[in-house]
Amino acid sequence: MSRRGKIAKASTAGCGDHLSALPDALLHHVLGLLEAGEAVRTCVLSRRWRHLWRPIPRLRVTDVEAFRSVERLSGFVDQLLLLRDAGSVLDECLLDLRGLLRLDDALVDLWMRRVLACHARVLRVHLYANLPASQEEPLVKLVDQPLLSQHLVRLELSGVYLEERLFDFSSCPALEDLNIADCVLHTDKIFSQSSKHISIRGCQFLWDMRPTHLSAPNLVSLQLHDCNMIPILESMPALETASVNLGHVYEEYCDICDNGGLELEECECGMIVIYWDDDNDRKRDFSVFLGGLSSATCLELIASPEMVTFRRDLRCCPTFNKLRSLLLNDWCLVADYQILLYFLHHTPVLEKLTLQLSKVQIGVHRANL
């Protein structure tokens, strides 16, 4: 054999399928980093790859525009979940469906519940959102039934319409992180016994009999940003960090709720049900949210000067016995600095105060206030 032939043979021998020789666990990890369609297509590479995609720990359905129709997408997702190895662990599932403007409500809900049936630990569902929702451009509405999972640890939802019973997370005892963005929340109560971190951003709250309550007794961190109202916060004794940003919310002054007027039927803000009892007596020591935040050690409160709920809450005089870091913006300087003075008098261990004024932050550090 010539020298050139020997070199060619040696080169061919060195180009074996080293990728297929890797352990299954490593290949599963690599496939889990791919978009689900790409991961499934590897089944045609060889007999070795035929079923490797079935137990992968992550499912990422993101390139929905490639399916060109809801019907083709539906068929793929159905088979993706049904053919998955039943005993495999699903660490995470991402359903990024923002490439399609309109999806069937029941279909999205079915996919979510099938993913949870695969023992998913993390579920992320993202759809297009155009708030406030309207009849012309409605959001996908999930079925009004609780989610059931003993394994779900983190849930992220965006661009969906959520109703009452779905906010009862008592059937998700492992849930720790709840992240909701750009959704309609039509409920009187959000309840999660196990959640430690909750973020609600850019959402539209709707309620029927009473304003929305948030009950999360084991919560450690809370973020409420750019919503149309503040939910009533129940006791959160484990809370450490909270950020409330309602800088674009405008509330009308109400003679009943703000000044104790007598003609209760003339309440202008609709919040009379929380400030007055059935005997038409004003409730004492009632707080919408400051009482629920009073256990925090780090707190940010951003609001517009027209945000009257904050000032109403000051009447109940909660003391922030653990608060060490506080950020406030211009709203605390109205009424001759009375709001700012209130916080200074009710934060006995405060170490850091930041006033955010017209986009300029002024940090005030003190050893002893």
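Trainee: Why is Asp226 called partly exposed?
Mentor: Its relative accessibility is 43%. Buried means under 20% relative accessible area, exposed over 50%, and partly exposed in between, with a 1.4 Å probe and protein chains only. So Asp226 counts as partly exposed. This is a predicted model: local features need pLDDT of at least 70, side-chain atom pairs count only at pLDDT 80 or more, and totals for chains, interfaces and linings use all residues. Residues are numbered from 1 along each chain as its sequence is written, and side-chain values use heavy atoms, with hydrogens and water left out.

Trainee: Where is Asp226?
Mentor: In the loop between strand 13 (221–225) and strand 14 (232–233). Helices (H or I, at least four residues) and strands (E, at least two) are DSSP runs, numbered from the N terminus. Asp226 also has a positive phi of about 55°, although it is not a glycine.

Trainee: What makes His119 partly exposed?
Mentor: A relative accessible area of 41%, so His119 falls in the partly exposed class. His119 sits in the loop between helix 5 (105–117) and strand 3 (122–126). Its phi is positive too, near 65°.

Trainee: Why is Val61 called buried?
Mentor: Its relative accessible area is 0%, therefore Val61 is buried. Val61 lies in strand 1 (residues 58–61).
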